[in-house]
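Please walk through the model shown here, one chain at a time and then at the contact between chains.

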Amino acid sequence: MLNHVAELGQLGLDVLRKYGRAGILLYRAVFRVPNIRKGFPLVVQQIYAEGVLSLLIIVVSALFIGMVVALQGYHTLSKFGAAQQLGPLVALSVARELGPVVTALLFAGRAGSALAAEIGLMKATDQLSSMEMMAVDPLQRVIAPRFWGGFISMPLLAIIFNIVAIYGAYLVGVKWLGMDAGAFWSNMQSAVDFRLDILNGIYKSVVFGVVVTWIALYQGYDAVPTSAGIANATTRTVVYSSLAVLGLDFVLTAMMIGGW
Amino acid sequence: MVFMNNLVEINKLAFQRNSRAIFKDVDIFIPQGKVTAIMGPSGTGKTTLLRLIGGQLIPAKGSIKVAGQEVPKLSRHALYNLRKRMGMLFQTGGLFTHLTVFENVAFPLREHTKLSNSMIRSLVLMKLEMVGLRGARNLMPSELSGGMGRRVALARAIALDPELIMYDEPFSGQDPISMGVLVKLIRTLNDALGLTTVIVSHDVQETLSISDYAYVISDGGIIGKGTADSINNNQSPQLQQFLQGLPDGPVPFHYPGNSLERDLMSENMHA
């Protein structure tokens, strides 16, 4: 009995220790920024690796999600004779929820897993250790640029997602189902508030960007340096980031809903 | 110790991982300008020792001095300055897989110096020439054989002209030709560049053939030290088992457990 209590305590300590290590990692990644001359190209490289390379999956998903929402929305709204409200329906659901959340989930699957695997592999093949022994801080040289790359990429990806999804809805609503284009856009314009809807969605994606990148970097940096360890780290990155994104989305929505 | 001038001095070192003691009360001195070998069976903490010298791990007790500086007590800044004077060759090489051979060797120069590109190019080509891989400078690490990879890592480790260079199992998994190349290279580089060399290895004869002094560690302590001849002639059973590769001896062949009779006669199949 006492053993079980001790095991539980140990488990708790291990979990807390992990949170502590993750916190230190984030702190160092944020504050140990390399100087601009060396750091800037590294961050640009990471924006390419994490942002630009995620574009394809983001754009394609956004297009289809926009089209599906429009199709479903039109079908339901027309039962109440409110099909003209399709524009606001799509724009609000995409800008407030789908844009930031789906982008973050896709980002976790595409860029987060790649980050965790890359860093885990660098650790397993002693690249991080040899960097340390060459008096180059891996947190500064490897972790920090990847963190800032994710931080910058995510909101940009979310904005692109929003645009493409709304365009997808336009294609279905106006071009296919024959809604009036003027009604579609003007109803959307009058219903969507820039600060409350668009900006709040982007704030969400900034938070998700920090969290997903942080989880991926920590999982990679803390991975057991074996092939099984890296596989685990990659899986955990996607699972934990997805859970964190969905949980945080609820919290953030609850905080923002007062204005809506 | 016969040499007066030690670059690395380790006194009363104790280190443990989880609850297992890796070192208990170990003294090791690395004389300047010489090749010193640290040998011992797998899992005795040879690599750990190099990481302790490089300041990547902190000892539980004892002192580790490199060039007169107490490594575990250094600030991050001072430690990084000290590391610029050390080179380390990891067992896996630790080459950056996304950079070419040339860029790998240029990496420490680009990070730590403000040299012009043409100067860096000359330096990198000179280092690659020393390890015989000048012609391979545009290859990616994935295109290199294991031995070549280690030679590139060696060129990178000496890029900043360190005073101390540490090799972690440089010979393991090498074919006889690349082993011969590495053995010769380690000795030549030490003498030509005036380095101090530490080799951690369990390839006994190759290592002893080029080292001036050797330590053999096992079970957290030193079981033998001296020149190659004095180590070979030491009659301690522990040392002889290791040197001659005897399957049974002070290090038993059988993993500890119940006696065979007891296990065979046991009724419980899952015990």
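Chain A of this predicted model has 9 helices and 0 strands. Read along the sequence, its pattern is accordingly written α-α-α-α-α-α-α-α-α. Taken along the principal axes, the C-alpha atoms of chain A fill a box of roughly 65 × 55 × 35 Å. The chain has 260 residues, and buried residues make up 43% of them. Where contacts in chain A join residues at least 6 apart in sequence, 87% of those contacts are between residues at least 24 apart.

Which residues of H9(A) are buried? They are A:Ile230, A:Ala233, A:Thr234, A:Thr237, A:Val238, A:Ser241 and A:Val245. What covers these buried residues includes helix H4 (86–124) and helix H8 (194–221) of chain A.

A:Ala191 lies in helix H7 (residues 181–191) of chain A. Is A:Ala191 buried, exposed or partly exposed? With 20 or more other C-beta atoms within 10 Å a residue is buried, and with 12 or fewer it is exposed; A:Ala191 has 14, so it is partly exposed. Leaving aside residues up to four places away in sequence, A:Ala191 touches A:Pro88 and A:Leu92. For another distance in the chain, A:Arg110 is 81 residues from A:Ala191 in sequence and 33 Å from it in space, C-alpha to C-alpha.

Chain B is next. Its secondary structure comes to 10 helices and 10 strands. The C-alpha trace of chain B spans about 75 × 40 × 35 Å along its principal axes. Of its 271 residues, 38% count as buried. Among contacts in chain B with a separation of 6 or more, 64% are accounted for by residues 24 or more positions apart.

Strand S1 (residues 6–17) and strand S2 (residues 20–31) of chain B run antiparallel and are joined by 8 bridges. Within this pairing, B:Phe15 has B:Phe23 in S2(B) as its bridge partner. The hairpin of S1(B) and S2(B) has 2 residues between the strands, and in this hairpin B:Asn18 takes a positive phi near 50°.

Chain B also has an open sheet of 6 strands, in the order S6-S7-S8-S3-S9-S10, with mixed pairing. Why is one side of S6 and of strand S10 (221–226) of chain B left without a neighbour in the sheet? These two strands stand at the edges, and each has a single partner strand, so one side of each has no neighbour there. From one strand to the next, the twist averages 15°. Inside the sheet, strand S7 (residues 164–168) and strand S8 (residues 196–201) of chain B run parallel and are joined by 5 bridges. B:Asp168 stands opposite B:Val200 in S8(B). Helix H5 (residues 146–157) of chain B lies across S6 and S7 of chain B, and runs at about 170° to S6(B).

That leaves the contact between the chains. It takes 14 residues from chain B and 10 residues from chain A. On the side of chain B that touches chain A, the elements giving two or more residues are helix H2 (76–83), strand S6 (86–89) and helix H3 (101–112) of chain B. H3(B) gives the most to this side, with 3 residues. By class, the residues of chain B that touch chain A divide into 6 nonpolar, 5 polar and 3 charged.

Key: Residues are numbered from 1 along each chain as its sequence is written. Chains are lettered from A and ligands numbered from 1 in the order in which they are written. This is a predicted model: local features need pLDDT of at least 70, side-chain atom pairs count only at pLDDT 80 or more; totals for chains, interfaces and linings use all residues. Helices (H or I, at least four residues) and strands (E, at least two) are DSSP runs, numbered from the N terminus. Two residues are in contact if their C-beta atoms, placed from the backbone, lie within 7 Å. Ala, Val, Leu, Ile, Met, Phe, Trp, Tyr, Cys and Pro count as nonpolar, Asp, Glu, Lys and Arg as charged, and the others, Gly among them, as polar. Two strands pair if DSSP finds at least two bridges between them. Axes are lines fitted to C-alpha atoms, for helices over the stretch in contact, and angles run from 0 to 180 degrees between N-to-C directions.
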